[in-house]
Amino acid sequence: MSDDPTHVREFFGSRAAGWDTRFPDDGPAYAAAVNELGLRPGDAVLDAGCGTGRALPPLRAAVGPTGLVLGADLTPEMLEQAALAGRGGAAGTATLLLADVGRLPVRDGALDAVFGAGLVSHLADPVSDLRELARVVRPGGRLALFHPIGRAALAARHGRRITPDDLRAEPRLGPVLAEAGWRLVSYVDEDARYLAMAERED
């Protein structure tokens, strides 16, 4: 299910104010996924489609005061909530960018890693957008595609069943990542979490 940016903006914009209260217990899952990125002090990392910025505090903790944390989202209301929560802006943990992940205002190879929570199913053009994420990451840099619950649990929450054409399924995701310049290095799809880790090819 790929979405056009206008639909994504409208969907999340209307839900931004109450988003964090809908999922109050997801914090530890975000922190655990960030930990698996293997970030080091001084690293530069992007939270792609950051929403209200739930991953930004653990990302900041991982890279420390000398690191760079960017949060990019195309929904202004989500970024406003991130700023209100103290996760971005002048006094926050990250620099917030109003940007489509398919067209990032970031130079080639500037980042060490990208974190994307709930991102893949909302990409308008998955190969092109994932290729853009590869562009801004150095060779050998990492990508984490995360969701705090697995595909089956998420589908059940929405009253659906998972299907073989789901982009997040390992047999589909691996080739899409490869076409975009990434190599899938690990894949976990359990009720309690979804985490696909990839490395940027040289």
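Predicted model: local features only at pLDDT ≥ 70, side-chain atom pairs only at ≥ 80, totals over all residues.
Q: Which element gives the most to the largest nonpolar core?
A: The largest nonpolar core has 33 residues, and Leu46, Leu111, Leu130, Leu133, Leu143 and Trp182 have the most contacts inside it. Elements that give two or more residues to this core include the strands β1 (44–48) and β4 (111–117), as well as the helices α6 (126–135) and α8 (170–179). With 4 residues, the element that gives the most to this core is α6.

Q: Which residues are in contact with leucine 46, leaving aside its neighbours within four places in sequence?
A: Contact here requires heavy atoms within 4.5 Å. Leucine 46 is among the residues with the most contacts inside the largest nonpolar core. Leaving aside neighbours within four places in sequence, its partners are Leu70, Ala72, Leu104, Leu111, Ala113, Val114, Phe115 and Leu133.

Q: What is the volume of the largest cavity?
A: The structure holds 1 cavity that reaches the cut-off of 30 Å³ or more. The volume of the largest cavity is about 70 Å³.

Q: Which element gives the most to the lining of the largest cavity?
A: The lining includes Gly116, Leu145, Phe146, His147, Arg168 and Tyr194. Its residues divide into 5 nonpolar, 4 polar and 1 charged. With 3 residues, the element that gives the most to this lining is β5.

How values were computed:
Residues numbered from 1 in each chain as written. Heavy atoms only, no water. Core = buried A, V, L, I, M, F, W, Y, C linked by side-chain atoms within 4.5 Å. Buried < 20%, exposed > 50% of the residue type's maximum accessible area, 1.4 Å probe, protein only. 1 Å grid on protein atoms, 1.4 Å probe; cavity = no way out; pocket = protein on both sides within 12 Å on 5 of 7 lines; lining within 4 Å. Points joined across faces, edges and corners; volume = space filled by probe spheres on them. Nonpolar A, V, L, I, M, F, W, Y, C, P; charged D, E, K, R; others polar.
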